[in-house]
Amino acid sequence: MEKTLFQLKFTAKTLNRQAKKAQKDENTERSKLKKALQQGNTEGARIYASNAIRKKNESLNLLRLASRIDAVSSRVETAVTMRQVTGNMTAVVRGMDKAMESMNLERISVVMDKFESQFSDLDVQTAYMEDAVSNTTATSTPQDQVDTLMQQVADENKIELQHDLAMPDGAVKLADLDKVVADEDAAVAQRLRALRAAS
């Protein structure tokens, strides 16, 4: 179990590192977007905006996954501690006949078996979560998000966009984009609950 604990902590750190890299890549793409808008390169700006949004989503997904793995790591650490405590208690009890009579070893064994079963269930749920997170990472970025990001960067830097930018009349502002992402997160969480209930 100690090896599993080490691997989980290492994986969480690696995911956090990758999330930071994705954030850095998002900022780089935003800088390229700004430069393309200043040069009047609308097509290039679209590509950079799409890349920036994809990197932002990637960073958020990696952070979510790292958080869940960290939670699993905490549970494994608790399991290791409980195993050590149980071992120490058993060693003490062996030397004390009176205490041994009050200690029900079968009950401890049943509790530990149940704990191991729950630990296995936790692994299954983690696998479900990894699948869900990887499936939510979109390969293509919605056009309205690309146009909205381009408009926001242009507004921040007082750059006038060319009129051929296909900005829909009902386009959302970037502030609304966070709400869209939150709604997508809620939908994914609801699907995960449904999967758990079905299994």
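Accessible areas here come from the Shrake-Rupley method with a 1.4 Å probe, and for residues only the protein chains shown count as cover. With that in hand, the accessible surface of this protein comes to about 13100 Å², and 53% of that belongs to carbon and sulfur atoms.

Some ground rules, everyone. This is a predicted model, where local features need pLDDT of at least 70 and side-chain atom pairs count only at pLDDT 80 or more, while totals for chains, interfaces and linings use all residues. Residues are numbered from 1 along each chain as its sequence is written, and side-chain values use heavy atoms, leaving out hydrogens and water.

On to the fold: 6 helices and 0 strands. Helices (H or I, at least four residues) and strands (E, at least two) are DSSP runs, numbered from the N terminus.

Now the salt bridges, meaning a side-chain nitrogen of Lys or Arg within 4 Å of a carboxyl oxygen of Asp or Glu. The count comes to 8. One of them pairs Glu77 with Lys9, with the closest N and O atoms 3.6 Å apart. That pair links distant parts of the chain, from Glu77 in helix 2 to Lys9 in helix 1 (residues 2-38), 68 residues apart.

Next, please look at Lys55 and Glu58, whose closest N and O atoms are 3.4 Å apart in a salt bridge. They sit 3 residues apart in helix 2, about one helical turn. Salt bridges with shared partners join Lys21, Asp25, Lys55 and Glu58 into one network. Lys55 is buried at 18% relative accessible area, whereas Glu58 is partly exposed at 28%; buried means under 20%, exposed over 50%, and partly exposed in between (1.4 Å probe, protein chains only).
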